[in-house]
There are 2 protein chains.
Amino acid sequence: MNQSHPLAPLLSPRSVAIFGASNDPGRISGRPLRYYKEAGYQGALYPINPNRAVVQGIPAYPDLDSVPGPVEFALIAVAAPQALAALEAAVRKGVRAAVMFTAGFAETGAEGRALQQRIAAMAREGGVRLCGPNCLGLFNLRLGHTPTFGSYLEAGPEQPGPLGMVTQSGAFGTHLLALARRRGTGVGIWISTGNEADVQVADGISFLADDRETQAIACYMEAIKDRDRFVAAVERARNNGKPVIAIKVGGSAVGAAAAVSHTASLAGSDQIYDAAFRQWGVERARTPEDLIEIAYACTRGRLPRSRRLAVMTISGGAGVLMADAAERFGVDLAPLSPAAQAEVTRWVPFAAARNPVDLTATPINEPALIDKAFDLLLGREGFPSIVAYLLALAESPTLGETVYELIAAAARRYPDRYIALSVIARDEIRRRYEAAGAAVFEDPWRAVEAMAAAMRCAERLAAPPAAPLPVPDALPPLPSRRIGEYEAKRILAAAGIAAVAERLATSPREAEAAAAALGAERLALKIVSPDIAHKTEIGGVLLDVPQSEAAAAYDRLVAAVGARAPQAHIDGALISPMLGEGIETILGVQHDPVWGPVVLFGLGGVFVEVLRDVTFRVAPFGIEEARRMIGEIRGAALLQGARGRPPGDVDALAEALSRLSVFAAAQAGRFASIEINPLLVRPEGLGVAALDALILPATAAPL
Amino acid sequence: MNQSHPLAPLLSPRSVAIFGASNDPGRISGRPLRYYKEAGYQGALYPINPNRAVVQGIPAYPDLDSVPGPVEFALIAVAAPQALAALEAAVRKGVRAAVMFTAGFAETGAEGRALQQRIAAMAREGGVRLCGPNCLGLFNLRLGHTPTFGSYLEAGPEQPGPLGMVTQSGAFGTHLLALARRRGTGVGIWISTGNEADVQVADGISFLADDRETQAIACYMEAIKDRDRFVAAVERARNNGKPVIAIKVGGSAVGAAAAVSHTASLAGSDQIYDAAFRQWGVERARTPEDLIEIAYACTRGRLPRSRRLAVMTISGGAGVLMADAAERFGVDLAPLSPAAQAEVTRWVPFAAARNPVDLTATPINEPALIDKAFDLLLGREGFPSIVAYLLALAESPTLGETVYELIAAAARRYPDRYIALSVIARDEIRRRYEAAGAAVFEDPWRAVEAMAAAMRCAERLAAPPAAPLPVPDALPPLPSRRIGEYEAKRILAAAGIAAVAERLATSPREAEAAAAALGAERLALKIVSPDIAHKTEIGGVLLDVPQSEAAAAYDRLVAAVGARAPQAHIDGALISPMLGEGIETILGVQHDPVWGPVVLFGLGGVFVEVLRDVTFRVAPFGIEEARRMIGEIRGAALLQGARGRPPGDVDALAEALSRLSVFAAAQAGRFASIEINPLLVRPEGLGVAALDALILPATAAPL
């Protein structure tokens, strides 16, 4: 147990006081003491109870001050009016951490919120780490530390397992514990954080990241309160080789009601959680069952080394189903070598030998085939992982023991491989295979699905952490007044995002001069006005204008806009060359209440407007992350040169995305939204060019 | 038991002979007799065994001819060499149905296939319905009819349940039986069809459709051999009010390697199975777990009457999770009336009252709230379905009984409603709730997912069968030679699919005359040549040509094509008016080896080429089905008028799709593929127009 972690006093204290400890071991206030006794806690235990000298057989104290020795941890299991006094006493006594079950705080409204702020301040100033209030407590079964009244321990202490669990909801966390127990992946340390006055889910992840015996961390979250704490915690887990798997429920609509840009209206906070989890390598589970299955797959003492998987079956149907699942979840059923395929068909003439390897029902008469197949697949063919579908063979009265011996021996011969079985087997048989080192699934589809998740987790743990991003020395300032397209592009260009070459003209003559200076044969003219957001719709854009007609076009443009928007103040027109072919994309930044500046990317046209085919990343991020982002949209093939067009300059696009993210992170709080629409991605080698841009300062009202 | 169904002799015979019946009740050939005895079969049982006078206590006969009375059913559990003789004897005896376990037929190669054809013919000619060979048999537990050696019955006879099951794979079917037993949805009748020499999955569905006690039918399929039999069977199930839920594994690539049209390359046979299942109302399950969960949800004695669902919880987190699931699966959590919401907050001040109704932990102190909530939601608010999340309350030593009484009473008060619980409970507790009429799920997400599937099933059962489609009297003939665009469009126009007005010109002068006759200001010219499939790519299309330049444009077009495709025979050019705005779509037909002519629909451009955003239906189908089809593509919003454009004429599009399907069905076998690309969908009221079309006759080689 790591005693140097800031949460050590909470999760592995040497002495424990229980406020309100009841002599009745069935009552909420009596259960924790009972659990401590049953779990064999070795530290000092001090029941605090003014009415009894002995509580559940243990000497009690009328108050905390009367406890003779030091007290590292206090459990506060009293009603709200007494809870504050208890916390005060804890501070006085030098207690370093506390769990508070008590309800009646922030969850009840404004008054409760104020009360919660009081206890949070009291704890902070008194140097007490506080878990709760309004929580079900926690347990660390490795030490028998059980300050919880949850029903999980009612049937007696469980064996501490390799799974760590952190949950905001106590009720839901109890549900997850029940699922994990039934699935046979034991939980060693469990933390319910309740109202999170101080300790958050992130803190629990951080502690579990350091716990040597924890192999994976499962979380249930309703909201993340402190992004930086969360990011630091999951990075710690990654550095320590522990997958983090999380359910995040809910998905409330984005705050801004009347959004001037696409960016804001395209995001839902749930999509941003999705993006952030991907970005920091958190495996997101959709359902409680999924969470527990993935946690099970990640607590087998090893992870699959790559996506390559051998499938062995005694039923063709199961093989086809697993092949379907492999395709769906991106698992690589690499075919066996021709020599190995020939060997399989020598064993079983009608076998499928490619992968899946279907031995048909032959192993029922000749179980040694299972052994030979393991040697062929894990040995000579070098598969890092295998899933074997054995139907009910493991339960067979005649063959069960033989099959067990063969598989246990194979697991001993290949201790670094991931061996999974899809079998129907009673719990005690399943446990025996697990003890031998195999992962046991019932459903073959589920087996592949869970292994795919474990493969993703392993890939993330193996991926080097992203390089830190240099923030340019002289980032352009962001004025607090409303700024136009021209200035927006100049600011973004200074941040490293190339814009189309352009000149501002305020008269026909200047337009003519600008056209000559740009030297392009065909030009685009766009009206410049702080009062106009959507230029095209009011005739504020002229395209494909010959150089010789620049002056006349300027007059036409100003007249057209003047007719349709007579109140608009017109600053002039932007003259730029027509850039020729390219793919229009949209880059945006908006401010998420949890994650801060978030960058959006999508393809222009129908992709964004009809399909909402966009993806997000939390700023800042590097070029590799930007590449992953680009690859996530459904229309990504278009950038690779689909439809007979040349491939786009994806390098330049990724760089622009990364630079935008760096700029946005550096300017966080000083803008409401940024949108580059379109950013033209030109053919490979020709770079990108922002054709239009909009920056709304934080203080400006939407147009 | 329905004795008039053609499969009655197979599934509910009055007399049974067992070839190769062994005295050893543990052997494959001994198990069926043992199962018959244990299951209490009431008909006549005749073991056939030349070596014993009595088998497992029952008088045996040396051969079938020696059996005194009539024999309706025979089980053939002998090796391949003896199996033919047994079948011959069965025919001689007047047996009407048989199960053949025997392996060594079509699954072993060409020789086995020939042997299988022999037994199939023998059975057909002898009037014997044959299940197998190479199958695990079947059982009908309602009659104790158990001609199977599967391990499911090894632990003794199961109670016959409301689920019917048909499976091609015996091994996989055994797996499904084990899952169903564990889930507590009993199987009454189970059929494994093996090699399907005669009896197919469809026949099993048909029998189960007529079985009064079967509430739902679960299937496992690897391939459908006879489309018409399958369609007739699932329609029979629908007419009899029984949901059909199926796993179909596999998804082999489409046959045609070098496909000239998009249509062929866009389809995978798995997508077509998907479409066909949707079309005939089969609920497709992806995984064995899903199959069993949906089957469980559909065998509760009733189905949810609509998508409206009330969610009640004692944990906020579970409520949010279920709301997420409801959105994902299209379940309608309609908000409570304001009066009802006010009532809920009178009961529990901090409750969520909208829907989900989160009563917080208050019912733990005040269980009667559960009762009040059921009355409010099912009674006054009239929800047809409810799911209540009660965590571990059902297992609580103190509250469990009270909670059970309240819910059982509610189920009695609302016998027509669908009541589901999401609870953690031991099997015996779960069974008790089920007996009271509630569906019990552990995982709250899973509860909503399975109920959504049951809702879909209920909707399909309630939907009237599609009206038959009139086939036009004088469908145009389809020549067997290769035909060009012009003729293809004329043929399709005769089938009711409007084409753009156009004229064929074979000289500049004819082009001029055609332009004048069409009377349009701007024209399109397209080369006509039987040797050119992709006109645009070799300069064979001119757009937006002014009427006055028609003759010159003709010359330009012919010259351009001549330069790039000198060998092509040129028939002339098609002249048509430019039609103005519209949305380009693709309609295609290809021939699927299982389903016959299949119609494809997608939007043109990036939707098809980059996103492969297409959908399918088996021909023929009506306009309503075409509408559903149109609504399935991701880009459907474009047709509704997204991006500020007028809505397209979806009525005309749906009609064109339906007409194309009727034409394709009538011409099945006479074409290799049909493609209309693009079909321009013009603004509402203006109809559609085929701008280009390609029909490949069945005999023509691809271009």
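**Entry 1: where the chains meet**

I started with the contact between the chains, which takes 48 residues from chain A and 48 residues from chain B; contact here means heavy atoms within 4.5 Å. I noted that this is a predicted model, in which local features need pLDDT of at least 70 and side-chain atom pairs count only at pLDDT 80 or more, while totals for chains, interfaces and linings use all residues. Residues are numbered from 1 along each chain as its sequence is written, chains are lettered from A and ligands numbered from 1 in the order in which they are written, and side-chain values use heavy atoms, with hydrogens and water left out.

How much area do chain A and chain B bury between them? I found about 4,200 Å², with 65% of it on carbon and sulfur atoms. Buried area is the accessible area (1.4 Å probe) that two parts lose on being put together, summed over both.

Next I looked up the charged pairs and found 4 salt bridges between chain A and chain B. A salt bridge is a side-chain nitrogen of Lys or Arg within 4 Å of a carboxyl oxygen of Asp or Glu. One links A:Arg182 with B:Glu442, where the closest N and O atoms are 2.4 Å apart.

On the chain A side, the elements giving two or more residues include α5 (170-183), α10 (288-297) and α17 (444-462) of chain A. Helices (H or I, at least four residues) and strands (E, at least two) are DSSP runs, numbered from the N terminus. Sorted by class, that side has 25 nonpolar, 10 polar and 13 charged residues. For the classes, Ala, Val, Leu, Ile, Met, Phe, Trp, Tyr, Cys and Pro count as nonpolar, Asp, Glu, Lys and Arg as charged, and the others, Gly among them, as polar.

Over all chains, I got a count of 96 salt bridges. A:Glu158 and A:Arg181 meet in one of them, 2.7 Å from N to O. A:Glu158 sits in the loop between β8 (138-140) and β9 (163-167) of chain A and A:Arg181 in helix α5 of chain A, so the pair ties together parts that are 23 residues apart in sequence.

B:Glu293 forms a salt bridge with B:Arg183, with the closest N and O atoms 2.8 Å apart. Since B:Glu293 is in helix α10 (residues 288-297) of chain B and B:Arg183 in helix α5 (residues 170-183) of chain B, this pair ties together parts 110 residues apart in sequence. Are these two buried or exposed? B:Glu293 is buried at 12% relative accessibility, and B:Arg183 is buried at 10%. Buried means under 20% relative accessible area, exposed over 50%, partly exposed in between (1.4 Å probe, protein chains only).

I also found a network of salt bridges linking A:Glu289, A:Asp290, A:Arg446, B:Glu289, B:Asp290 and B:Arg446.

**Entry 2: a strand in chain B**

I then checked strand β24 (residues 596-603) of chain B: 8 of its 8 residues are buried, so the strand is largely enclosed by the rest of the structure. Strand β23 (residues 583-592) of chain B pairs with β24(B) in the antiparallel sense over 8 bridges. Two strands pair if DSSP finds at least two bridges between them. β23(B) and β24(B) form a hairpin with 3 residues between them, and B:Gly588 stands opposite B:Leu600 in β24(B). β24(B) also runs antiparallel to strand β25 (residues 614-618) of chain B, joined by 5 bridges. There, B:Val599 has B:Arg617 in β25(B) as its bridge partner.

Which residues does a cis peptide bond join? I found one between B:Gly132 and B:Pro133, with omega about -5°. Another joins B:Ala619 and B:Pro620, with omega about -5°.

I looked up phi too. A:Leu391 has a positive phi near 50°, though it is a residue other than glycine. A:Leu391 is in strand β16 of chain A and is buried at 15% relative accessible area.
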